[in-house]
Amino acid sequence: MKNFRYEVSKKDKEKAIRSLLTQAPPGEFVNCFNDLSLLVQDEKLMRQYGEWAGNKYCKKYFVPLSIDGHQVLLSHHNELGDHRFFDPHTRLSFKFDVLENQLKDIESHGVLRNEAECLRMVVSHALKIYVSKHFPSGNCNVLRKTIRNKEFLIACIEDHHYKASDYWNGLWKSKWIFSITPFLTQVIGSIYVKAHFFKQVNFHLDISKDVQDCLDVVNQAQLALGFANFVEEQENKFQTAVIEEFQDLEASLKRILRRDLPVTRTYVNWQRIVNDLKLVMYPRLGYVNYSKNVLCHWIT
């Protein structure tokens with residue numbers, strides 16, 4: 001029987017690279033890139049789409065960078081275009097190469113000092129107090145943006161715990177937007193948690209919640225304090241709900257697994273399974289046939 005070799009076209013490679021890299025879990029982009037490079041064997045193509053996907057990854061997960069001792073989060077809201085970002089605190093703009101983990105082309109970036117900028121600084125100070133109390137290594141940024149001649153403040157919060165040695169990575173992030181208006185303003189927020197466990201199983205967890213409410217506006221100090229308290233209240237409610245959901249999920253999984261899965265009290269030796277199975281690949285059809293008898297014999 002002749003060996004069947006399926007050649008992947010460049011177009012299919014590009015599509016696969018884009019899809020897989022944009023799905024990289026928090027803290028694992030470079031690992032995904034390196035593993036995919038071994039399969040693709042095309043350094044130029046990987047570099048081209050790696051930079052594109054890395055930029056999306058940084059904005060999606062609010063990747064934090066340190067500039068002159070100050071933490072700045074990368075997001076859609078402080079992007080200037082051409083993969084360039086700015087930090088209102090240091091008044092610098094820059095590019096970031098996620099593959100090299102390096103800042104590039106750092107330049108000064110002017111910030112207009114007006115009433116809206118003063119409010120941004122006050123809100124940023126109040127939010128940092130909250131983040132420092134509730135997050136072990138959390139970061140936050142408050143940005144100012146003009147949309148259709150209307151001023152908005154956008155607050156981003158991020159904290160993560162990457163423990164590849166313990167086979168898990170986790171991220172908490174939230175985003176809050178409100179307009180700078182007198183008397184009353186509406187706050188729209190979203191909270192997002194993602195975790196990846198990869199010891200013996202490949203388990204991805206995604207939980208999110210959207211919230212909104214109105215805040216009274218009396219002066220800058222009152223608005224900043226009220227906003228920070230509102231964020232704290234909403235995130236505490238979200239955390240409590242997530243913990244309760246986990247407890248319910250744990251109880252449900254125990255019942256399901258107790259009924260349906262054999263208890264062997266041993267780790268599954270996946271390498272042995274791969275060596276024992278007689279695999280027949282159908283790459284065009286997208287599936288694999290295996291010898292069921294071998295697998296059942298191994299498990300029993």
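Hello everyone! What you see above is a predicted model.

Strand β4 covers residues 84–87, strand β5 covers residues 92–97, and four bridges join them. The two strands run antiparallel. If strands are new to you, here is the general idea: strands of a sheet pair through backbone hydrogen bonds, either parallel or antiparallel.

β4 and β5 belong to an open sheet of four strands, in the order β3-β4-β5-β6, with antiparallel pairing. At the edges stand β3 (79–81) and β6 (102–108); each has a single partner strand, so one side of each is left without a neighbour in the sheet. From one strand to the next, the twist averages 35 degrees.

Next, the aromatic rings. How many aromatic pairs does the structure hold? There are 11 aromatic pairs. Take W176 and F230: their ring centres are 5.9 Å apart and their planes sit at 80 degrees, and because planes over 60 degrees apart count as edge-to-face, this pair is edge-to-face. W176 lies in strand β9 (residues 168–179) and F230 in helix α5 (residues 220–260), so the pair links distant parts of the chain, 54 residues apart. Are these two buried or exposed? Both W176 and F230 are buried.

Two more stops before I sit down. Y130, F135, W172 and F238 come together as one aromatic cluster. And finally, look for K173: its charged end sits over the ring of F62, 4.6 Å from the ring's centre.

Definitions and conventions:
Residues numbered from 1 in each chain as written. Predicted model: local features only at pLDDT ≥ 70, side-chain atom pairs only at ≥ 80, totals over all residues. Heavy atoms only, no water. Pairing = 2+ DSSP bridges. Axes fitted to C-alpha atoms, helices over the stretch in contact; angles between N-to-C directions. Phe/Tyr/Trp six-rings, centres within 6.5 Å; stacked < 30°, edge-to-face > 60°. Buried < 20%, exposed > 50% of the residue type's maximum accessible area, 1.4 Å probe, protein only. Lys NZ or Arg CZ within 6 Å of the ring centre and 35° of its normal.
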